[in-house]
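Please read the numbered points with the sequence and the model side by side.

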Amino acid sequence: MLMVKDRDMADRTWLPKFSLVQKIIIGFSAMAFFSMAALVFSFAGLYSINKTAREIARNDLVLLRSVGQLRQSLLDQERFAGKYAILKSPEFVELFHKRESEFLKTLSQMELEKQEQGIGGIVDNYRDYRDAVRLLFQGDAGAEVRHKAAAQKVIDAVDTFGVNQQILLNVKLGQADRRENETIRWALIFSLTGFALAIGIAALFLFNISTAIDKLKRATHRIAEGDFDYDPQIAPGDEIGDLSRDFIGMANRLKVLERMNLDASPLTRLPGNIVIERVLTRRLQDGKPFAVCYADLDDMKAYNDVYGYIKGSEVIKMTGDIILEATKSLAGEDAFVGHIGGDDFVMVFEQEKVSPVCEEIIRRFGKGIVAHYRKEDLAKGAIKGTDRYGVPRVFPIMTISIAIIICSQGEYDSAVTIAQTAAEIKDFVKGKPGSNYMVNQRRKAR
């Protein structure tokens, strides 16, 4: 015991002695070190999380959406190839090649933006599929079985690629979680050490950072689960606020894209009835005057009876493109264009632009519709068909009618009353020969 005690006393003589100022300096130095360490580690973690979130939003989600487009495009190609095998109509060959071009364009973009393993398998299998379909179009008797087998291989390759990308996305989310947990753990250690030296500022700073990280973590999971309306409620003004704003912007964009994809017309890709009603309701609630234009093709049924539904679909697609381009170019990017269904379209924009927009739509439609008629029908200026009652009639070259409703404050209380008024005007306009547009004259909705 005496030897141990003597040894302890000997060791203490070698301990350095510090003055009060030196101890304060050492204490503040330690505090500054741990505080700086906590600060650096926290921001490094936040930067890593921010980078991962941006990469997911800009790359992974876009890539997964492209996988879905590839699969849908291939199913469309397979459907047209199958119809050709039965009906032997060259129209299906043309439709097949359109979808083929979309598939190759999407695949090319994926190769440029994301050189991921697995795309090569899709390319190879799709090359075999195209060869098989080419033989089918050339009349090879055994090509029908081969092209179906080749199509299944492409679908399997696309699905496998999509599953792999989803796995990679889950891995990134898991890595982000681990980085967040690691950031929180070490930041707490450093900050609590600084707090032990009687400095509370470091602890408060750590609390704020930890709270923000936790909110971002919840936001990441909620958005990944499809809750696009979730707001992490992080105040702007710093990197965390910027990241929070990016999360909200990304979620809003994904929400809009999801709604548009769910409601959009598969033919024109324009928003459907759900979005149309929402736009009209929001406009009515704003209380500012606006114009609603309902466009309808005249004698569309007779055209379908004579030329077939595929040519009719091409006319509807052309009409949608004309209406969208004319409205956006003349009424501005804030103008809305929707596809009610069939040959009915709706446009919503400022009332001052009604005449130029409608006149431009009529001009473009008159110029474009002639390409969808045979020369002999154009020479006669009409086609023969039967009306909805089965009575044989002669129908003129197709025209377009547009009914315009000017919605001033208090005139209409819902999208339904606007639609009812448009139906009345549209029936009157369609009774006039040629392409026309008409603006409602009454002041109050009945």
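1. Basis of the note. The model is predicted: local features need pLDDT of at least 70, side-chain atom pairs count only at pLDDT 80 or more, and totals for chains, interfaces and linings use all residues. Residues are numbered from 1 along each chain as its sequence is written, and side-chain values use heavy atoms, with hydrogens and water left out.

2. The chain as a whole. There are 13 helices and seven strands in the chain. Helices (H or I, at least four residues) and strands (E, at least two) are DSSP runs, numbered from the N terminus. Of the 446 residues in the chain, 42% are buried. Buried means under 20% relative accessible area, exposed means over 50%, and partly exposed lies in between, with a 1.4 Å probe and protein chains only. Among contacts with a separation of 6 or more, 71% join residues 24 or more positions apart; contact means heavy atoms within 4.5 Å.

3. The end of helix α2. Ala-85 belongs to helix α2 (residues 20-87) and is buried, with a relative accessible area of 16%. Leaving out residues up to four places away in sequence, Ala-85 touches Leu-136 and Glu-144. Phe-137 is 52 residues from Ala-85 in sequence, and their C-alpha atoms are 7.9 Å apart. In the loop between α2 and α3 (90-113) lies Lys-88, which has a positive phi near 55° although Lys-88 is not a glycine. Lys-88 counts as partly exposed, at 47% relative accessibility.

4. Helix α8. Does the buried or the exposed class hold Val-275, Ile-276, Val-279, Leu-280 and Arg-283 of α8? These five residues are buried. Seen down the axis of α8, the buried residues fall within an arc of 135°, so they line one face of the helix; the arc is that of the directions from the helix axis to the C-beta atoms. An α-helix has 3.6 residues a turn, so residues three or four places apart point the same way. Ile-274 and Gln-285, on the other side of α8, are exposed. Gly-287 follows α8 and has a positive phi, near 80°.

5. In the loop between β1 and α9 is Asp-299, a residue other than glycine with a positive phi of about 60°. Asp-299 is partly exposed, with a relative accessible area of 27%. Helix α9 (residues 300-307) packs against helix α10 (residues 309-331) at an angle of about 135°, and their axes are 7 Å apart. On the α9 side, Met-300, Tyr-303, Asn-304 and Tyr-307 meet Tyr-309, Lys-311, Gly-312, Val-315 and Ile-316 of α10. The residues of this contact comprise six nonpolar, two polar and one charged.

6. His-372 is in the loop between α11 (354-369) and α12 (375-380) and counts as buried, at 13% relative accessibility. Neighbours within four places in sequence aside, the contacts of His-372 include Tyr-303, Tyr-307, Lys-311 and Val-315. Thr-327 lies in α10 itself and counts as buried, at 0% relative accessibility. Among the residues that Thr-327 touches, not counting those up to four places away in sequence, are Gly-332, Met-347, Phe-349 and Ile-361.

7. Helix α13 and strand β6. The buried residues of α13 include Ala-415, Ile-418, Ala-422, Ile-425 and Val-429. The buried residues of α13 pack against α8, β1 (290-298), β3 (344-349), β6 (399-407) and β7 (436-439). Ile-406 lies in β6 and counts as buried, at 15% relative accessibility.

Terms used
Axes are lines fitted to C-alpha atoms, for helices over the stretch in contact, and angles run from 0 to 180 degrees between N-to-C directions. Ala, Val, Leu, Ile, Met, Phe, Trp, Tyr, Cys and Pro count as nonpolar, Asp, Glu, Lys and Arg as charged, and the others, Gly among them, as polar.
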